[in-house]
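Subject: Structure handover

Hello,

Here is the structure you asked for. My notes on what was found follow below it.

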Amino acid sequence: NNHDTESTTSKGWLFFTLISFLCNGLISVNQKIYAQVSAEFNVFCFVAAAYITAAIMSFVVYWVSGRSKKVEISKSKPGKACLVSGIITGAILGTFQCVSTYAASVIDGTVLYSAYNCITSIMIVFAGRLIFKEKLSAKQYVGVVLGMGAVLCMV
């Protein structure tokens with residue numbers, strides 16, 4: 001039944017969206033705590049430790065998923081393009097996390113995270129429009145503006 005599939009998919013997206021919000025919030029809290037309580041504030045070591053931890057956790061998930069009979073994972077060797085794009089993406093994300101962690105140490109959290117969330121909302125709308133040619137309805141634009149306004153009111 002197509003209706004059941006759509007309903008399950010919608011619930012799945014909501015669940016994973018909420019998990020994503022929770023994890024992003026916890027990351028921000030972790031950065032802020034580190035920035036405030038660290039005796040020897042070292043952005044690069046903090047980000048490196050976080051990325052090494054994430055890599056280990058990813059390999060564990062990959063290994064567990066590969067052992068499951070329900071999930072098939074391609075075990076092919078990554079090509080040069082995949083390796084290069086991974087390195088470039090890692091460098092960009094690493095740089096972003098270093099700047100974000102440093103910003104958490106010098107900018108009040110209510111200002112930093114509110115501005116970050118508003119900018120993220122704007123970037124998502126622009127990316128959807130420019131990359132995917134999505135057109136928001138008037139109702140969706142009102143939702144975006146109200147959402148950004150709500151975030152700004154927290155400041």
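To begin with the cysteines: the closest cysteine sulfur to that of Cys 45 belongs to Cys 98 and is 9.8 Å away, which is too far for a bond. Cys 118 is in no disulfide either; its nearest cysteine sulfur, in Cys 153, is 9.5 Å away. In the structure as a whole, the number of disulfides is zero. Cys 118 counts as buried because its relative accessibility is 8%, and the limit for buried is under 20%. Please keep in mind that the model is predicted.

On the fold: the chain has five helices and zero strands, so read from the N terminus the order of elements is α-α-α-α-α. Of the contacts between residues at least 6 apart in sequence, 63% are between residues at least 24 apart.

Is Leu 93 buried or partly exposed? With a relative accessible area of 42%, Leu 93 is partly exposed. The C-alpha atoms of Leu 93 and Val 47 are 9.9 Å apart, while the two residues are separated by 46 residues in sequence.

Regards

Key:
Residues are numbered from 1 along each chain as its sequence is written. This is a predicted model: local features need pLDDT of at least 70, side-chain atom pairs count only at pLDDT 80 or more; totals for chains, interfaces and linings use all residues. Side-chain values use heavy atoms; hydrogens and water are left out. Helices (H or I, at least four residues) and strands (E, at least two) are DSSP runs, numbered from the N terminus. Contact means heavy atoms within 4.5 Å. A disulfide is a pair of cysteine sulfur atoms within 2.5 Å. Buried means under 20% relative accessible area, exposed over 50%, partly exposed in between (1.4 Å probe, protein chains only).
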